[in-house]
Amino acid sequence: MNKSSRRILGPLLAGVLAVLAGPALAHSFLVEATPSSKDHVAASPKTVKLRFGGGVEPKYSKLTIEDASGKVLGEGAIGTPDKPRELSMDSPELAPGKYVVRYRVLSTDGHIVEGNYEFTVDPK
């Protein structure tokens, strides 16, 4: 490779890497949840709310609450236009025990982000 080829390929390669890195940084990873991961709550939550680092598409996203055996107790994904990074769902009445919140969301950048976490409803 001669000197003039390197002068052309260097900036071109940097531009390609910048374009490829941009969408990866825009994925909507979970940044906050209520109840949060490993949280112990005194009573069944009325709502489960998740906030992501980027925008999400509620129509193509789903949140579920499962009991310790994996049985789905509730699901949904409610979004509001004024909070494009948040999804929530109404929680069913939960007895004391461990629960798993699973999420599968479509980011506004077109990528699917999935994950889960646990919380516990403590006995009274």
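Rings of Phe, Tyr and Trp count as a pair if their centres lie within 6.5 Å. By that rule, a search of the whole structure finds two aromatic pairs. The model shown here is predicted. Its protein chain has one helix and nine strands. Of the 124 residues in the chain, 31% count as buried.

**Overall layout**

- Read along the sequence, the protein chain follows the pattern α-β-β-β-β-β-β-β-β-β.
- Take the contacts in the protein chain between residues at least 6 apart in sequence: 61% of them join residues at least 24 apart.
- The accessible surface of the protein chain comes to about 7900 Å². Carbon and sulfur atoms account for 58% of that surface.

**The five-stranded sheet**

- Five strands form an open sheet in the order β2-β9-β8-β4-β5. The pairing in this sheet is mixed.
- The edges are β2 (39–41) and β5 (72–76). Each has a single partner strand, so one side of each is left without a neighbour in the sheet.
- From one strand to the next, the twist averages 25°.
- Strand β4 (residues 56–67) pairs with strand β8 (residues 97–107). The two run in the antiparallel sense, over eight bridges.
- Glu57 has Leu106, in β8, as its bridge partner.

**An aromatic pair**

- A pair of aromatic rings is described by the distance of the centres and the angle of the planes.
- Phe52 and Tyr103 form an aromatic pair, with 5.6 Å centre to centre and 70° between the planes. Planes over 60 degrees apart count as edge-to-face, so this pair is edge-to-face.
- Phe52 lies in strand β3 (residues 47–52), and Tyr103 lies in strand β8. The pair therefore ties together parts that are 51 residues apart in sequence.
- Both Phe52 and Tyr103 are buried.

**The nonpolar core**

- In soluble globular proteins, nonpolar side chains tend to be buried together.
- The largest nonpolar core here has 19 residues. Leu50 and Phe119 have the most contacts inside this core.
- The elements that give two or more residues to the core are β3, β4, β7, β8 and β9 (112–121).
- Phe119 also has a list of contacts beyond its neighbours within four places in sequence. Among them are Pro35, Ser36, Asp39 and Val41. The list also includes Leu94, Gly97, Tyr99 and Val101.

**The loop between β1 and β2**

- Pro35 has its place in the loop between β1 (30–34) and β2.
- The peptide bond from Thr34 to Pro35 is cis, with omega near -10°.
- Lys38 is found in the loop between β1 and β2 as well. Lys38 is not a glycine, yet its phi is positive, at about 65°.
- Is Lys38 buried or exposed? Lys38 counts as exposed, because its relative accessibility is 65% and the cut-off is over 50%.

**Pro84 in strand β7**

- Pro84 is found in strand β7 (residues 83–90).
- At 47% relative accessibility, Pro84 counts as partly exposed.
- Which residues does Pro84 touch, not counting those up to four places away in sequence? Pro84 touches Gly54, Gly55 and Val56.
- Pro84 and Val56 are 28 residues apart in sequence. In space, the two are 6.2 Å apart, C-alpha to C-alpha.

Technical notes:
Residues numbered from 1 in each chain as written. Predicted model: local features only at pLDDT ≥ 70, side-chain atom pairs only at ≥ 80, totals over all residues. Heavy atoms only, no water. Helix = DSSP H or I, 4+ residues; strand = E, 2+ residues; numbered from the N terminus. Buried < 20%, exposed > 50% of the residue type's maximum accessible area, 1.4 Å probe, protein only. Contact = heavy atoms within 4.5 Å. Pairing = 2+ DSSP bridges. Axes fitted to C-alpha atoms, helices over the stretch in contact; angles between N-to-C directions. Phe/Tyr/Trp six-rings, centres within 6.5 Å; stacked < 30°, edge-to-face > 60°. Core = buried A, V, L, I, M, F, W, Y, C linked by side-chain atoms within 4.5 Å. Areas by Shrake-Rupley, 256 points an atom, 1.4 Å probe, with all protein chains shown as cover.
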